[in-house]
Each structure stands twice: as structure tokens, then as C-alpha cells.
Amino acid sequence: MNTPSALTLLVFVPWIGAGLAAVLPARHSRVVSLGLSLSTLVLGLSLLAVCPGPAPAAGLTLEEKIAWLPALRISYHLGVDGLSLLLVLLTGVIGPMSLLASWSLERGGRLLRALLLLAQGSALGVFVAQDFFLWFLFWELSLVPVYFLIKLWGGPGAERAAYQFVIYTVGGSAFLLLGFAAIYAAAGTMDFAELRLLANGTLTDKLGPAGATLVFLGVFLGFAVKVPLYPFHTWLPPAYAEAPTGVAMFLSAVMAKMGVYGFLRVLWPLFPDQLQAASGVLLWLALAGAVGGALAAVAQTDLKRMLAYASLTHVSYCLLALFAVTGFAGLRGERALAAGVAALDGAMLQMFNHGLAAAALFFLAGVLEARAGGRRTLADFGGVRAASPVLAGLCGVALFSSLGLPGLNGFVSEFLIFRGVFGLAPGTAAAGCLALLVTAVFLLTFYQRVFHGPPTPATAAFRDLSGREVATVAVAVVLMFVVGVYPQPLVGLVNGLASLWAAPLGLPFVPVS
Amino acid sequence: MSLLPWTIYLSFAGALVVLVAGTRSAAAARWLALATTAGGWGVTLLAGLSFRSAPGLQTLVDVRWIPELGVRYHLAADGISLTLVVLTGLAATAGVLFSWNVAERAGEFLALYLALVGGVYGVFLSADALLFLVFYELAIVPKYFLIARWGSTRREYGAMKLVLYSFAGSALVLTGILWAQAAGGGHGFALADLARGGFTPAQQRAMFALVFLGFAVLAGLFPFHTWAPTGHVAAPTPASMLLAGVVMKLGAYGCLRVALPLFPAGFAFWQPVIAWLAVAGVVVAGLAALVQEDFKFVIGYSSVSHMGFVLLGLAAANARAVSGAVLQMFSHGVIAGLLFAVVGRMVYDRTHTRRLADLRARPLHRWLPFAAVTFVVAGLASMGMPGFSGFPAELTILIGVWPVSRTWAVAAVAGVLIAAAFTLRAIQLAFFGQTGAMGANPPDDGGDRALRPLPPITWPERVGALLLLAATVLVGLKPDLLLNWIVPSLQSPLLQTALRGGAP
């Protein structure tokens, strides 16, 4: 193979951009990095055009595989299916947004852009790599730029936040790695597709029952920290709050999805039985993350910390849907199948929607913080709407998308999730509604306190959004409306996978004798 | 392949030439030393290109040496020794580049350095147990002088401690080998002959304990590792690089080449003990590195922690884990060299302090950006980040260890985590202590002399660092390059006997 294929380009163009951004003079570096960051969106859309319509249920729509380390049976294996493509598109939207959000940074701006592009390429690698060795390379490398981005450009507590973030994540990944070492020792391959063929009990047999449980726990831990699943979330609020705006956007919108992606792509196919056994507990943990995150957000006075906890709530919905489907204990039949498909569709769509909302909200919170001279407690703001109507309007759309107002994108995915979870685990779904309610409370408080009421000294002379700032969020806000009104293209992208994965629910129930 | 013995001769001859040239001109001595080490490295690479893997050692030279004792001058190589001589050539060349600023008796310094390199080549190529020991002892003497005369912090103490541990270790090995030779009743000390000794299991246990312990001391086996941090810290930078990078591998290599094949039953008996000590070393040395106040001690302890992985791989006793252990030897040799180069040459020679608290007060990432980037990359490699050589090595070891004992594997993973913690701590304190956001103005130096910017990184330093970085990335992305040498060598009948055990 002489010409690099589309998938290779997809992953490595941002890395090339990182190199260029680091060496070019500042003025060119901005334009070049933005252009190469946009390549992801362009390539993602053209991939979408190549494989139109409802994506095939099983298998990868496009893949490339080259022998890499024949002695270890490891190959350079990239591939996309509907889920991967959805996340590639999300990354394609968020990557340029993060760069635009950091546009005016003068000092160290080249390095910042290079690191952001490095993170973008690594995230794309995670979403398209189909061999653990390659996949883990991207997974771990994504930490490096984020660590330095938080550490060097973050707020006063950034040093500690960056250290905590990396140690937690490396801690999880170390056990993930051990899990795959064990899988390799037993199965002799680390290719996701080949491993999936062994999933029907063969892998468990090879590892032994106790071994399989241990390996499951190791792999689980790696993803649970990354998402994060309650109670592994304590790194999240400081990391999101201390990170500079562009980085917080990328972190919450894209990198948090790497963990959910890992659950769907890696853990579930390999260990369906273990996941089913654990689902009862996990469902409670996801619920605790959703409700606890929302309650914690209510108690926050710092805008960014509030958004950080809101993020925890929203990704917990994805896990809620996933664990409701995996733990279907005894539920079978048409209705269960329909509920399962809805839940999974919703979970995957929620990954995309939360990405848009989180990026937009972190950006706008960053704007507020910058305008107020670095202050970002609720009490510092008031009456911003009078001075900055555009800011207020865009922030309102993002907030209402986040709390699930019908007509905006957040509603579609949360509705699908709760519809599905109600069909499978009604009690949990009912309890989860509490989170929806509390989310509405704090997001409305946010809007009310910041944009209405009497102006404070800090906000009296607020400038409205500049053209560049509007451009930064415009795509996301437009997409919120588009997906909210016409979600079919995105649903079509993932529906095939959801039907495939939920298929066991449709089987006739066979009581174990 | 047949050129390999010339690495030894070239190094010793180079030592003499450099010694003479050094009395006239330090610059000449430097260039000659560089030519010698680069030449040696070139020879090893040529040998690597022409290497055809086959199970077992391929004889290079075999002549009678002391017929009365049956000692032969028998040099041989397989994929394992080839991996390690390539490492030696690389580390030695980089070391010379990092000794470019040694002004005090540069000729003598480089001559001793080359003698050490020659001894190391000799050990890796010996196929006769006594010859092995001769080279091994030959390497100890230059170490002492390098540290005691050109070292820093408590150099005499560090040098003496290191030498006493080394000699004690080789005395144990010698005892074990002599006993084995007497008990076996054969004539001569060829490893292949000794292995046919037909020792009873009880004998094997005792002999293995002597020989293994003797070598393992040099590999930094817990709790006999304390010489390593003190010695490495006291040593001048190029010597630290070679000591931690290559000389510690002599110990591990001795375990693999002599102790395991000669006494397989003894090995099987001691295997759990070794594994537990190795795991303890990984964890304890990692924790020690986490609390050091001296930058160089962090690296010193990290070396012990990483060598624990090598010993764990050997103790797992299957082909997978042992191939990982050899890969880790190479990887750690390169990474430790880099880390010591940054700490000793790039930072300490400029700031004259290694206390993390002092370094923290300076924005080193702005004053020495090249050093900061090198240390960050080397630190990532040391943490086992994918894309660098440490990752395939540690992964291969874990894959090999898991079927043998899950507990060991989990404990070793805890070690990986600790490595991440102490590496990040060192990066933060040493280079990014004066943070402030990048947006902030640089702190006013206020005319304080201690805060003046430092001399920039020189070209020899850059070249040396890039050589080592390239090696760790190359092996990280393409570990097959080395595994294709290592794995077939493990098929040799001698090693197979030892590696039969292990897997359930």
C-alpha cells in the first residue's frame, strides 16, 4: 500500500498539524493549525458520504490492516463503523472549536495549538484503532498533551489538578493494560475483531472463571476512571475547572467519550457475561453519578465547577443506558428489544450531544470569566443579558440543550435513554428522572443569576461576543437545532449497531432449569 | 558477526591511545574516544545486520588460554548478547558525547571509561565461565576510579560501596562456579560443559543461590540494591549512564547466561523467592524514588525499580517473559542513560544543584527547553508510555508473568503506577516548578545571580540525546527488530531446560 488511506490521514493529519503549529511563526501557525484541525471534519463527512444510509449492522464499513509486529501478531488495524464515525464527526467539530477558543492567547500559543492537535489526533486514533496495541498507544498518548495543557495554561490549582488527572487515569490504564496482557497470554491476539469471535465463552474458558473476573475488573477500571463512573470521578471537577477554556472543552466534549467508547467497543463485546453479572451494581453507580453529579452542581458557586458536575451527570446517562441493557436479567421479547435499541441509540447520541453542549458551555463560561477579569463565581455576575444579548442568547440555547428542552438535541438523546431504561429497569429510570429535575434547577439558576438581575460592577461594562467568538460556538449551536429537529441521520448512523447489540433481548426467554 | 570480538580489542586499544593522546590535548582524546566508541557501536550494528538467528551460541573465537585449568578464551554470541552489545555501543557513544565537558585529566577519564566499555563487551561475549568472570572483574576497577576521582556527592563512599558490593557478588559467583566445576568433575569452565555436570537437586539449590545472588547484586536485586542509588549518584554523568544503563545489565545477563542454564533445578526451587524480591524491588524502590529530595537519587532509585522488572521477567521462567526481560534490559539501558544525561550533564553541570527544592525555584523549562523536552520524553518512556521501548518490554513481561502468578503481575502493575507518580513528580518539580500560567510574565530575575539563565545546551549533548531518543522510539514502535534476535536465542537447549518450568 503506497498511498496513505483515508483513515491513516484522518488520524495523522492533526499530528502533522501539531508539528507545523509548533514550528511555524505564530501568525501562520494559527491558520495552519485550524485548517489541519478542520481536516477531521472534512474527512469525517466524506467518509459519511462514502458509506451512506443506514450503516451495516455488523462489521466495519471501512478498514485498513497492515502487519506491524508479525512476531507478536499485532497489526496496524484501523476501521470505522457508525459509532466510530459519529465520534470522529464530534471530534471534527470540537477540535477546531477548541483552537478557536484559544485563538487570542499570545504567550506560548504555538505550543498550546500543537498540544491540542496532538490530543485531537490521539482521540481520533482511539476512535478508529482496532488493535489493542495501537489503540492503547493513542489512549495513553492523549494524556500527555492534556497534562501539559492543564499544567502550563491552567488556573492556580492547575499543578495539582493535572497531576491528579494523570495519576488517576494512568492508574486505571495500568490495570487495563494488565487485563490485556492476560487476554493476550490466553488468546494470543489483541485484535478487537478477533477477540470478539472468542467472546461467546471461549475467552472466559481460556482465562478461567476467576481469571476472567479479574481481567474484567482491570479493563473495567481503566474505562470507569476515564468516563468517569461514580465513585472514580474525583479527578474530574478540578481538572475541568482548572483547565484553560479550550482544553476544558476538548476534555469534556471528546476525551470523556473515550471511556464510554471503551465500554461499548471493548469491554462489553469481550465480557458480556461478567458485565451482565455486575450490571445491578453498576446501574446504581451510574445512577449515583447522574443524581449525585446534579446535586453537587447545585451546590457549586463556581461556574466551571458547576459545568464539570453537569458533565458528570450527562455522561452518567450514557452509562445508565448501557448498564440497563447489559443487565437485562430475564427480560426478553419484542418490548425489551425495542427498549434496548432505544437506550443504546440514546446513549450513543448522547455522546455526541453532550459533546456539543459541554464544549459550548465551557467556552461561554470561559468568555464570562475572561470578561469579568478572571472571576467566575455566580455572585460576580448579574444582568449580563442587557449588555451582551448575543452571549445571553447563545448561552441560553446551550443551557436549554443541556437540560433537554424538546426541539434541541439534548432532548432527543435523553428521551431515548429514559424511554429505553424505563422499559428495562423502571425503578432506576424513575430515580434517574430526579437528576433531570435537579439539572433543570441548577442550569436555570445559572442562567437566571448570570444574565438577569441587576448588573454587578464586574458586568456593567461587558462587551458582547466578538465575531470570532460567535463563530466559535455557531456551528455547535446550529447543530443543536438541527439534531434536535432532524436527528435521523445520526440515529441512522448508530441504529444498526444498537439493534445488533440489543439483539439478545429479542430472543425468547429461556428459563434456566 | 565474526568482527564482534573487535569491539573488545578496539575499546582496550582505544583506552591506551586516548591515555597517551590525553597528555597532549584533551580535544584529541575526546575525538579519539568518540571514534573508538562509535567504531565499536558500528561493529555491533554490522554484526546485527549479518546476524542469522539460530538457537544457541555461535562461537566467535575459541582458543586454549590456561590449559592447566582448562580455561579457554572462548567468545560467542547469540541474539541476547547481540542485543546487549548493541546497547553497549550506543550507550558508550552517547556517554562520550556527554563527557565532552570533562576538563580535568580528560585523557585519563576517557581511558578508564573505554576500559570499562571493553570489559563490558567482554562479559557479554564470553562463553567460558571463568573468562566471563575475568571480564566482569576487569570492569570493576575502572568503575572505582571513575567515581572516586571524578564523582560528586560522597564520591569515595559511593565508589567504595559499589566496589565492595561488586566484589562480594563476584566472590559468590566464583565460589559457585568453582564448586560446580569440582562437583561436575569435568575439565574446563565452558558454560556448555558445566551445564552437563549432573548435579543433584540439593547441590543445584546451593550453587544456584551462590551464583544467582552474586550476579543479582549487580542487577540491583532487593534488598541488595542500596549500592546502586549511592553509586550512580556519586558517579560522573557518563559513568552513571554506563553504570545504570549497561553495567547493571551485566548482573541480569549473568543470571540469564550462567545461573539459569547451569542449575535449572535450583532455579525452579528459588523461583518464587526471586520473583517476590523482584516485585518488592519494583515497588519499594519506586516508593523510595517518590520521596527523594535529590533529583539524581530519583533516577537512581528508578533504575532499581526498572531492573526489578527484568528480574521478574527472568523469574517467570517462560520464553515470553524472558524475552521481555531482555527487551527491558535494552530499553532501560537507553532510558536510564538519557535520564542521567539530563540530570547530571544538562542540569547539574549548569545549576550546580540537584536538590529538587532548589531547582523548583527556577523556570528551567524556559532556560533549558531542550533539557526539559528530553526529560519529559525520557520520563514518558520510563513510565512505560506506548510508543517507547519500555512499553513493549513491560507488556511482554506482564503477558509472560500473568499465567505464572496473577499476584506478581498485579503487584508489578502497582509498580508501573508508582513509576508514573515519581516521574511526574520529578518533571513537575525539576522543570516546571516555577509555573505561573504560560500567559503570565516571566518572573523578574532581579539581578539575583542564582537565577541568571544558564549556558545553552551544546551540540554534543544534543546529538547524544537524539541518538538515545531515536533508539527508544525505534524499539518502541518496532520491538520486532530486537525480538527477532532474542526469541530464537531462547530456543537453545541450555535455556530451554531452565525455561521449561514456570508455566503451569
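## Chain B: overall build

Chain B folds into 21 helices and two strands. Its radius of gyration is 22 Å, close to the 23 Å that the globule rule gives for 504 residues, so chain B is as compact as a globular protein of that length. The model is a predicted one. Along its principal axes, the C-alpha trace of chain B spans about 75 × 55 × 40 Å.

Buried residues account for 62% of the 504 residues in chain B. Contacts in chain B were also sorted by sequence distance. Of those with a separation of 6 or more, 81% link residues 24 or more positions apart.

## Where chain B meets chain A

The two chains touch. On one side, 29 residues of chain B take part; they are in contact with 30 residues of chain A. Three helices of chain B each supply at least two residues of the side that touches chain A: helix 17 (390-401), helix 18 (406-431) and helix 20 (480-489). Helix 18 of chain B gives the largest share, 10 residues.

## Helix 10 of chain A against helix 12

Helix 10 (residues 209-226) of chain A packs on helix 12 (residues 245-270) of chain A. The angle is about 155 degrees and the axes lie 7 Å apart. An angle over 145 degrees counts as roughly antiparallel. Helix 10 of chain A passes helix 12 of chain A in a left-handed crossing.

Helix 10 of chain A contributes Val219(A), Phe220(A), Phe223(A) and Lys226(A) to the contact. From helix 12 of chain A come Met258(A), Gly259(A), Gly262(A), Phe263(A), Val266(A) and Leu267(A). By class, these residues are seven nonpolar, two polar and one charged.

## Helix 10 of chain A against helix 7

Helix 10 of chain A also packs on helix 7 (residues 158-187) of chain A. Here the angle is about 150 degrees, with the axes 7 Å apart. Helix 7 and helix 10 of chain A are therefore roughly antiparallel to each other. Their crossing is left-handed.

Which residues of helix 7 of chain A meet helix 10 of chain A? Among them are Tyr168(A), Gly171(A), Gly172(A), Phe175(A), Leu176(A), Gly179(A), Ala182(A) and Ile183(A). Facing them in helix 10 of chain A are residues including Gly211(A), Val215(A), Gly218(A), Val219(A), Gly222(A) and Lys226(A). The contact between helix 7 and helix 10 of chain A has 11 nonpolar, eight polar and one charged residues. Val219(A) and Lys226(A) are listed in the contact with helix 12 of chain A and in the contact with helix 7 of chain A.

Most residues other than glycine have a negative phi, and most peptide bonds are trans. A cis peptide bond joins Val227(A) and Pro228(A), with omega about 0 degrees. The bond from Tyr230(A) to Pro231(A) is cis as well, with omega near 0 degrees.

Where do these prolines sit? Pro228(A) is in the loop between helix 10 and helix 11 (236-242) of chain A. Pro231(A) also lies in the loop between helix 10 and helix 11 of chain A.

## Loop residues of note

Ala317(B) has a positive phi of about 55 degrees, although it is not a glycine. This residue is found in the loop between helix 12 (295-316) and helix 13 (319-351) of chain B. Is Ala317(B) buried or exposed? Ala317(B) has 25 other C-beta atoms within 10 Å, so it is buried.

Gln300(A) lies in the loop between helix 13 (272-299) and helix 14 (303-326) of chain A. With 20 C-beta neighbours inside 10 Å, Gln300(A) counts as buried, because the cut-off is 20 or more. Leaving aside neighbours within four places in sequence, Gln300(A) is in contact with Arg305(A), Met306(A) and Tyr309(A). The C-alpha atoms of Gln300(A) and Val473(A) are separated by 25 Å; the two are 173 residues apart along the chain.

Gly373(A) is in the loop between helix 15 (334-371) and helix 16 (384-387) of chain A. Gly373(A) is exposed, with 9 other C-beta atoms within 10 Å.

How values were computed:
Residues numbered from 1 in each chain as written. Chains lettered and ligands numbered in written order. Predicted model: local features only at pLDDT ≥ 70, side-chain atom pairs only at ≥ 80, totals over all residues. Helix = DSSP H or I, 4+ residues; strand = E, 2+ residues; numbered from the N terminus. Rg over C-alpha atoms; globule rule 2.2 N^0.38 Å. Buried ≥ 20, exposed ≤ 12 C-beta atoms within 10 Å, placed from the backbone. Contact = placed C-beta atoms within 7 Å. Axes fitted to C-alpha atoms, helices over the stretch in contact; angles between N-to-C directions. Left-handed = near helix turned anticlockwise from the far one by under 90°. Nonpolar A, V, L, I, M, F, W, Y, C, P; charged D, E, K, R; others polar. Parallel < 35°, antiparallel > 145°, perpendicular 65-115°, else oblique.
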